[in-house]
Amino acid sequence: MSSIAFIGLGNMGGGMAANLVKAGHEVVAFDLSDAALQRAKVAGCETAASAGDAVKTADIVVTMLPAGRHVRDVYGDQVLPHARAGALLIDCSTIDVDSARDVAAKAHANGFRFADAPVSGGIAAAESGALTFMVGCDEALFADVEAALQPMAKAVIYAGEAGSGQAAKICNNMILGVSMLGVCEAFALAEKLNLDPQRFFDIASKSSGQCWSLTSYCPWPQVGPASPSDRGYEGGFLTALMLKDLKLAQEAASRAGGATPLGALAEAQYALFDQLGYGGKDFSAVLQLLRGRLDELDTGKREAIS
């Protein structure tokens with residue numbers, strides 16, 4: 001079993017590190033949050049006083065950080081100066097493509113193997129070891145990256161050269177954000193037309209409207225397979241994270257000269273939902289904004305918006 005340093009123990013990272021421990025790896029973890037470090041210790045991780053200390057003897061370094069600037073800083077100040085020569089470095093953060101490629105270049109220049117490997121699946125998948133990883137790296141390195149990620153994964157997919165994992169992630173999540181809004185609008189309209197939500201689901205899930213946002217992650221509570229809508233829209237994939245990914249997609253489109261009008265509209269809709277104070281709810285909760293029923297998210301503390 002490998003010695004693994006895991007840096008970044010937030011909503012996703014904590015469950016991921018715990019699954020590496022369950023697979024028999026020795027995991028040394030670091031986070032700026034004392035509470036996150038305590039949870040990691042309970043899960044079986046050793047803890048370090050700094051990211052630099054965590055990586056000193058690790059065969060593999062896994063990072064799960066909020067944004068590109070954090071990845072650049074942690075790699076530049078802590079990982080590259082202190083990691084063991086020849087260590088495999090895997091960044092699972094969702095960040096901009098340019099930052100991923102810049103960190104990859106610096107890692108290679110310092111003699112390290114590096115992959116960007118952002119994830120899809122949300123908090124529940126991170127805790128259950130069922131994430132999908134999209135990997136950008138030298139193709140010859142992919143087998144080693146896949147083996148390192150396997151304890152946390154439902155699937156590990158090679159996307160291409162450095163930065164390709166990030167490109168795949170933001171394009172995939174733009175599809176997800178747009179499609180979820182379409183599903184939510186359809187349910188809100190069906191309600192106005194006095195169409196029962198379960199009957200609408202039964203029809204649309206077997207018709208041309210079928211998509212993952214409808215059949216696997218239905219935003220209407222108690223309809224379809226279990227999803228965050230059945231838990232008050234808690235857990236799952238937070239609205240704030242969807243907004244982050246949509247912003248990354250729009251920034252990438254601007255730099256590349258791509259046309260993404262629906263992506264821009266989705267970003268604006270989730271930005272409004274976030275500004276109203278629902279960034280901590282699952283992104284499918286935007287249904288209640290479209291219904292004019294934000295009171296259903298507030299358990300009676302806020303009047304319905306109509």
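User: Hey, what's a salt bridge?
Analyst: A salt bridge is a side-chain nitrogen of Lys or Arg within 4 Å of a carboxyl oxygen of Asp or Glu. Keep in mind that this is a predicted model.

User: Where do Asp102 and Lys106 sit relative to each other?
Analyst: They're four residues apart in helix α5 (residues 97-109), so about one helical turn separates them.

User: OK, new pair. What do the side chains of Lys169 and Asp245 do?
Analyst: They meet in a salt bridge as well, at 3.8 Å from N to O. Lys169 lies in helix α8 (residues 164-192) and Asp245 in helix α11 (residues 239-256), so this pair ties together parts that are 76 residues apart in sequence.

User: Are Lys169 and Asp245 buried or exposed?
Analyst: Both Lys169 and Asp245 are buried.

User: Switching topic: which residues are linked in a network of salt bridges?
Analyst: Glu191, Arg291, Arg293, Asp295 and Glu296 are linked that way. Within that group, the side chains of Glu296 and Arg293 meet at 3.5 Å, N to O.

User: What about the accessibility of Glu296 and Arg293?
Analyst: Glu296 is partly exposed at 41% relative accessibility. Arg293 is partly exposed as well, with a relative accessible area of 29%.

Note on methods: Residues numbered from 1 in each chain as written. Predicted model: local features only at pLDDT ≥ 70, side-chain atom pairs only at ≥ 80, totals over all residues. Heavy atoms only, no water. Helix = DSSP H or I, 4+ residues; strand = E, 2+ residues; numbered from the N terminus. Buried < 20%, exposed > 50% of the residue type's maximum accessible area, 1.4 Å probe, protein only.
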